[in-house]
Amino acid sequence: MVKIGIMGLTGCSGCQCEILNCQDALMKLLGMVEISYFPLAQDNNTFEEFDVMFVEGSVTTEEDEAKVLKAREKSKILVAIGSCACYGGVQAQKNDEASLEEMLKTVYGRTELFLKVTKPRAVSEVVDVDYELPGCPLDKRQFVYAVSFLLNGVKPFFPKIPVCHECKLSETECLTLKGIPCQGPVTYAGCGAPCTSQGVGCQGCRGNCDFPNFDEMLKILNQNGLSEKDAVAFLKVFRGYQGKEIKVNGEERRNEKGA
Ligand code: SF4
Ligand code: SF4
């Protein structure tokens, strides 16, 4: 029996809830796997060896760091789930603009907390990650596909095409042409574009598609009413460390990890 673990670091637990929302598919999977660690959903948990460990949340405390190091040591395959685990999440959007002390003072009015807090990091900034399933929350269909692939010894593969492809497939009228700010051209598809189909511009929750053209994206967002500063802030909400390459006024762009 394949042993699975599902753990949470710093985040809202929304991705773990999405896994529970898989309902019928989850019931079928339960016949093929043993979920030996899932504290959000069950009482009896063991933390020994895992074939696959799914990790939600960003590494934002020293406790998170110890947990994810231990998870890596105990797991053959480690999968980051959700945008916090994959990129650092919304809590990492100001990492390159302020020190940890400045952020703590702004949010809490002090720098000493009962937890030892660090700048929020993606799981891949701390340990090796085998696969990433981004999204806020992750797409539950992709979770089921990924587990099915892994159970059959197949590498999960989801092409990093832009969300615009999904609008074309669902015949959703382009919001950009209606003047609504939308990050679809630079955002990794796979969600089925639920936002644009409801008339809400893509907020970029799944991070970068392959070869994102941020110069053109900034121009389009500008044409749709956002100042360059606001457009950069909009693009950086969910991208975590990926957002470091997006700067106002075409300043030097970097594509590196680290807070
Ligand atoms: S609505 Fe957004 S995601 Fe859809 S085609 Fe237009 S720009 Fe692309
Ligand atoms: S359309 Fe954009 S914001 Fe909405 S779920 Fe997809 S990637 Fe996330």
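Start by picking Cys 209: is this residue buried or exposed? Keep in mind that you're looking at a predicted model. Cys 209 turns out to be buried, at a relative accessible area of 4%.

Stay on Cys 209 and show its sulfur. Which cysteine has the closest sulfur to that of Cys 209? Cys 164 does, with 8.3 Å between the two sulfurs. A disulfide needs the pair within 2.5 Å, so this distance is too far for a bond. By that rule, the disulfide count for the model is zero.

Next, select ligand 1 and bring up its surroundings. Cys 164 shows up again here, together with Val 163, Cys 167, Lys 168, Cys 174, Leu 175, Thr 176, Cys 182, Gly 184, Pro 185 and Thr 196. Colour that shell by class and you get seven nonpolar, three polar and one charged residues. Now click on Cys 182, one of the residues around ligand 1. Cys 182 counts as buried because its relative accessibility, 7%, is under the 20% cut-off.

For the last stop, jump to Ala 122. You'll find Ala 122 in the loop that links strand 6 (117–121) and strand 7 (131–133). Ala 122 is buried, with a relative accessible area of 0%. What does Ala 122 touch, leaving out residues up to four places away in sequence? Select Val 59, Cys 84, Ala 85, Cys 86, Tyr 87, Gly 88 and Tyr 241. Finish with a distance label from Ala 122 to Gly 88: their C-alpha atoms are 4.2 Å apart, although 34 residues separate them in sequence.

Technical notes: Residues numbered from 1 in each chain as written. Chains lettered and ligands numbered in written order. Predicted model: local features only at pLDDT ≥ 70, side-chain atom pairs only at ≥ 80, totals over all residues. Heavy atoms only, no water. Buried < 20%, exposed > 50% of the residue type's maximum accessible area, 1.4 Å probe, protein only. Near = heavy atom within 4 Å. Nonpolar A, V, L, I, M, F, W, Y, C, P; charged D, E, K, R; others polar. Helix = DSSP H or I, 4+ residues; strand = E, 2+ residues; numbered from the N terminus. Contact = heavy atoms within 4.5 Å.
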